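Student: Please take one part of this model, the nonpolar core, and look at it closely. I would like to see it set within the chain as a whole.

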Amino acid sequence: MESISVFDMFKVGVGPSSSHTMGPWRAAERFLRELPATGVQSVQAHLYGSLAKTGIGHGTDLAVLMGLQGEDPETCVVEGLLDRFESLKSANTLRLGTGETVPFDYTRDVVFHFDECLLGHPNGVRFLAMLDSGERVLRSYYSVGGGFVVEEGEGAADRQLVQLPYPIDEAAQLSAYCERDGIDLAEVVFRNELTWRSSTEIRQGLARIWTVMRDCIWRGCRTEGILPGGLGVVRRAAKMATSTLGEVPNEPDEFFKVVDAHKPDFRNTVSWVSCFALAVNEENAAFGRVVTAPTNGAAGVIPAVLMYALSFLDQPHSLPEDLGEVTSAEGLSMMEKFLLVSGEIGSLFKKGATISAAMGGCQAEIGVSSAMAAAALCYVMGGDTARSLMAAEIAMEHHLGMTCDPIGGLVQAPCIERNTMGAMKAITAAQIALASNPEDAKVSLDDVIRTMWQTALDMNHRYKETSEGGLAVNVSVAVAEC
Ligand code: SF4
């Protein structure tokens, strides 16, 4: 199995989709590296399968053009991104990231193959460049979910195969390591991460992820209006936040302090968790900066549940002041441990099933994010390894079979609200697991991962991010307006 770092699961990027925006964007960057610095006559991007069917709503065309221009989704300026894309569509040239400008006609050179799939995965993109020398450069890539990209013909040997102290393919191995070495979940993940980077780098990386997540919540709680794409979806997070706070402060730190000071009752807690999840996914739908967790469509669940833990379980909210070296996970803050544990649970699903909606429907996105959040929440609330894994199992068990049917091919309805449901299910699953004896459980996490994969294989393609079934075909407004 591939060795997957927590930092592979949590990637900073641009909305609205990890598989349809982030992945194709990264694929275009990879293709760019195959091109000579000069002597390129033309470039074309061909989108196949789900990337064609929901590519316009998911910004796949925008992503490939940005990638070919050499922009990085992690650092590019997101403000005005849609305007820049509109300008590119009407321009007759494209300035490649190599520095060379080539003739480019959007309607001719971005080709949507609606009825064709490449063999390796439903999310296929193929780039073709013609060179002055008469040669052609042709490469095919698969966007396999969560922003991960595989080139056609690339085998396991080409991928990241490092020797970890705790190689993990299944949840049972994770528990066995904890029991054998007398350590907990965060410690196993932390020791594995040390294979790739120092403890200081791990802490700085986790702080960066949480900062992007927090800023995304804050921006979402301050931004009103209608989301792009033509469906007319009204943003709601800002209204929910102001109805409780009166006014959302201008600075993120101030905002989080005010939220921390609230000690909401059950009803208000539900409102806040929902508000956090809505905020992130409204930002995601508006092509804002988000973190894949494990995907963009499901990017709101983990920040919402982590915010719940930090704001309402009396944990310090700000980033740890000292991000210096630590020798074990015991020296980490709650936020850091939460991200480590949730990332590991996500990688179990990626290895044993899928985190791609084009392969497994929405159970692979919201279901996985909910399981990740449930395990991490249970862990930071004092749950042992067995209970934390049980929490992940419970959360996924009640997402099995969930289809992906985005209206108009946009990551908006049902996606945005669905993040609130994933977050609430995660909190419920953590509470149930904490109150349970894991020895009484009838279903293990590995059982549910296997079941999710079998369900994915049985699921009709109409419910796998094609917008050919479910709500996508039953909501007439979408057909009329998108
Ligand atoms: S329905 Fe679920 S899987 Fe499909 S695009 Fe929306 S969030 Fe992603």
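Tutor: The chain holds 21 helices and 9 strands. Its radius of gyration is 22 Å, close to the 23 Å that the globule rule gives for 482 residues, so the chain is as compact as a globular protein of that length. This is a predicted model. Along the principal axes, the C-alpha trace spans about 65 × 50 × 45 Å. Buried residues account for 52% of the 482 residues. Of the contacts between residues at least 6 apart in sequence, 80% join residues that are at least 24 apart.

Now the core itself. The largest nonpolar core has 118 residues. Those that touch the most other members are Val301, Val305, Ala374, Ala375, Leu377, Ala391 and Ala426. Helix H16, residues 366–380, gives the most to this core, with 12 residues.

Not counting residues up to four places away in sequence, Ala277 touches Gly300, Val301, Ala304, Asn419, Thr420 and Ala423. Ala277 and Ser370 are 93 residues apart in sequence, and their C-alpha atoms are 12 Å apart in space.

Thr385 lies in helix H17, residues 385–397, and is buried, with 23 other C-beta atoms within 10 Å. Its contacts, not counting residues up to four places away in sequence, are Ser175, Cys178, Asp184 and Leu185. Between Thr385 and Val137 there are 248 residues of sequence separation and 50 Å between C-alpha atoms.

The domain division comes next. Domain 1 covers 18–158 and domain 2 covers 171–481. Their centres, taken over C-alpha atoms, are separated by 29 Å. The contact between them takes 21 residues from domain 1 and 27 residues from domain 2. On the side of domain 1 that touches domain 2, at least two residues each come from helix H2 (18–32), helix H3 (50–53), helix H5 (81–90) and strand S7 (136–145). H2 gives the most to that side, with 4 residues. The residues of this side of domain 1 divide into 7 nonpolar, 13 polar and 1 charged.

13 residues surround the ligand, and the closest are Gly297, Ala357, Cys362, Cys404 and Cys415. By class, the shell divides into 9 nonpolar, 1 polar and 3 charged.

A cis peptide bond joins Gly15 and Pro16, with omega about 5°. Pro16 lies in the loop between strand S1 (12–14) and H2, the helix that gives the most to the side of domain 1 touching domain 2. The peptide bond from Ala293 to Pro294 is also cis, with omega near 0°, and Pro294 lies in the loop between strand S9 (289–291) and helix H13 (301–312).

Positive phi values occur at Phe287 and Ser467, neither of them a glycine. At Phe287 phi is near 60°. Phe287 lies in the loop between helix H12 (266–285) and S9, and counts as buried because it has 23 C-beta neighbours inside 10 Å. At Ser467 phi is about 55°. Ser467 is found in the loop between helix H19 (445–458) and helix H20 (471–474), and with 24 C-beta neighbours inside 10 Å it also counts as buried.

Note on methods
Residues numbered from 1 in each chain as written. Predicted model: local features only at pLDDT ≥ 70, side-chain atom pairs only at ≥ 80, totals over all residues. Domains from an automatic or database assignment. Contact = placed C-beta atoms within 7 Å. Nonpolar A, V, L, I, M, F, W, Y, C, P; charged D, E, K, R; others polar. Buried ≥ 20, exposed ≤ 12 C-beta atoms within 10 Å, placed from the backbone. Core = buried A, V, L, I, M, F, W, Y, C linked by C-beta atoms within 7 Å. Near = placed C-beta within 6 Å. Rg over C-alpha atoms; globule rule 2.2 N^0.38 Å.
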